[in-house]
Amino acid sequence: MTESHPAAGGTSDPTSTSDALRSAVEAAFPATIADLTRLVKIPSVSWAAFDEAHVEASAEAVAELVRGLGVFDLVEIRRAAIGEGEGADAAIGKPAVVARRAARNGRPTVLLYAHHDVQPPGEDSDWESAPFEPTLRGDRLYGRGAADDKAGVMAHVGAIRALTEVLGTDFDLGIALFIEGEEESGSLSFANFLHENRELLEADAIVVADSGNWDLETPALTVALRGAVAFRMRVSTLAHASHSGMFGGAVPDAMLAAIRLLATLHDADGSVAVAGLTSADLETPAYDEAQLRAETGLLDGVSPIGRGEILSRIWAQPAITVTGLDAPSVANASNTLVPSVAVRVSARVAPGQRDVDALAAIRSHLEAHAPFGAKLEFDAVELGNPFLVDTSGWAVAESNAAMAEAWGKEPVEIGVGGSIPFIAELVAEFPAAQILVTGVEDPDSRAHSPNESLHLGVFQRALLSEALFLARLDARDGDS
């Protein structure tokens with residue numbers, strides 16, 4: 001470790017720098033929340049059915065905030081093609097904000113990632129306040145994107161602000177910034193974007209601010225993420241619909257076949273029953289059924305599913321969920337044998353298994369168990385590999401130290417049942433970079449759900465953690 005260069009106040013004492021950063025974060029926090037509120041008001045849903053102009057407006061608002069920091073040599077809004085298309089026929093991804101300042105004097109470069117797009121709000125009636133009218137109730141700010149992930153954007157902005165307040169703008173740390181605009185719609189242009197902007201985004205360490213913390217008082221570093229496999233399956237048994245009274249009991253309808261087939265995916269206790277899906281061996285903290293019920297809203301009398309430690313089921317074992325069904329609605333149901341139904345199957349892949357291998361295992365199982373010879377068709381496949389963090393590197397040590405200082409409590413290393421598939425693409429493009437998955441959420445943030453919210457205390461501590469982390473890197477020899 002090298003000594004810190006003098007801060008704006010003329011001191012090189014790391015303790016004084018830390019105290020100054022804490023004061024800077026606290027003093028600027030009302031302005032930080034005001035900026036976050038303005039971002040949350042922009043309904044930047046990146047799904048195809050929503051107005052793309054809002055995603056454009058969100059990118060412009062983020063770019064304005066980043067330019068206002070006064071530390072970057074370049075700040076731009078860029079896009080990349082989706083897939084391998086070229087020319088006028090190529091589909092183009094959503095706008096991302098990128099920025100970079102060069103490192104000096106042997107200091108490392110850190111890439112800070114977050115995303116400015118959000119999930120659809122769902123039904124307004126399910127919200128206690130309008131989803132895009134950020135509302136403060138108690139110590140939580142409610143609104144779609146308040147936690148996931150516009151608070152991640154503002155954690156980066158706020159941390160850099162605090163750093164410049166203490167060190168000025170003439171510090172040595174290199175910083176790259178990548179604020180994506182399509183994470184919630186699949187990051188379809190992500191790989192192309194990384195490749196096209198590799199020189200701009202290359203870094204020694206990458207901070208992905210898109211996860212959560214153990215609880216309101218305990219920080220966490222996410223070290224394991226499950227992968228994702230999703231597809232549409234059509235189940236067909238008849239060439240056309242037939243009268244259920246005339247032929248029911250003699251020929252199988254597609255609904256019967258689909259229900260029986262989907263039931264084979266799980267054992268009686270609800271654990272996955274697909275041969276070829278693997279589990280990981282991860283240590284998990286204490287977590288009991290009462291906490292599971294409190295955090296998930298599991299109804300009284302309804303039992304959890306699966307086997308083993310609860311967090312092992314969520315972090316280290318596969319899961320399969322049927323997330324959609326295309327079939328006649330109850331209101332429009334007639335006395336008909338349905339010839340074909342379609343279902344959306346979503347699976348989570350345990351760390352250590354490739355997404356393509358998991359897909360092959362699930363598909364083989366379904367084909368082998370199709371009842372009555374039902375015909376199966378598969379399409380609309382989405383894949384994402386799981387991820388395990390190498391916790392032996394210097395970046396993890398610096399991050400853990402910064403979190404402990406900001407929170408007054410040692411961080412917990414956690415897994416997450418959800419997926420961030422693009423992390424595998426970061427690893428592929430930047431194999432030498434150390435990747436840290438951090439976040440501003442807590443167990444009651446309800447990302448993707450109605451009444452999503454951000455706990456302001458958690459947010460302030462997460463922001464301070466990142467500011468302290470940046471200061472530690474600015475005082476670090478890039479080769480150490």
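Modeller: Residues are numbered from 1 along each chain as its sequence is written, and side-chain values use heavy atoms, with hydrogens and water left out. In this predicted model, local features need pLDDT of at least 70 and side-chain atom pairs count only at pLDDT 80 or more, while totals for chains, interfaces and linings use all residues.

Colleague: How many cavities of 30 Å³ or more does a search of the whole structure find?

Modeller: A cavity is a set of points, on a 1 Å grid over the protein atoms alone, where a 1.4 Å probe fits but cannot get out. Grid points are joined across faces, edges and corners, and a volume is the space filled by probe spheres set on the points. With a threshold of 30 Å³ or more, the number of cavities in the whole structure is two.

Colleague: Which residues are the closest to the centre of the largest cavity?

Modeller: The largest cavity has a volume of about 180 Å³. Its lining, meaning residues with an atom within 4 Å of a point, has 17 residues, and the closest to the centre are M403, T438, A462, S465 and E466.

Colleague: How many residues of the lining of the largest cavity are nonpolar?

Modeller: Ala, Val, Leu, Ile, Met, Phe, Trp, Tyr, Cys and Pro count as nonpolar, Asp, Glu, Lys and Arg as charged, and the others, Gly among them, as polar. Five lining residues are polar and one is charged, and the nonpolar number is 11.

Colleague: Which elements give two or more residues to the lining of the second largest cavity?

Modeller: The second largest cavity holds about 40 Å³ of space. Its lining is made up of K94, A96, F178, E180, G181, E182, S189, F190 and F193. The elements that give two or more of these residues are strand 6 (174-180) and helix 4 (190-196).

Colleague: At what angle do the axes of helix 1 and helix 3 cross?

Modeller: Axes are lines fitted to C-alpha atoms, for helices over the stretch in contact, and angles run from 0 to 180 degrees between N-to-C directions. The axes of helix 1 (residues 14-40) and helix 3 (residues 150-167) come within 8 Å, and the crossing angle is roughly 140°.

Colleague: Why are helix 3 and helix 13 called oblique?

Modeller: Angles under 35 degrees count as roughly parallel, over 145 as roughly antiparallel, 65 to 115 as roughly perpendicular and the rest as oblique. Helix 3 and helix 13 have axes 8 Å apart and pack at an angle of about 50°. The pair is therefore oblique.

Colleague: How many residues of the contact of helix 11 with helix 13 are nonpolar?

Modeller: Helix 11 and helix 13 pack at about 135°, with axes 8 Å apart. Contact means heavy atoms within 4.5 Å, and among the residues that meet are W394, M403 and W407 in helix 11 and A462, S465 and F469 in helix 13. Two contact residues are polar, four are charged, and the nonpolar number is 13.

Colleague: Where does D149 lie?

Modeller: A cis peptide bond, with omega of about 5°, joins D148 and D149. D149 belongs to the loop between strand 5 (140-142) and helix 3.

Colleague: Which loop holds H448?

Modeller: H448 is not a glycine, although its phi is positive, at about 75°. The residue lies in the loop between strand 17 and strand 18 (453-455).

Notes: On a 1 Å grid over the protein atoms alone, a cavity is a set of points where a 1.4 Å probe fits but cannot get out, and a pocket is an open set with protein on both sides within 12 Å along at least five of seven lines; lining residues have an atom within 4 Å of a point. Helices (H or I, at least four residues) and strands (E, at least two) are DSSP runs, numbered from the N terminus.
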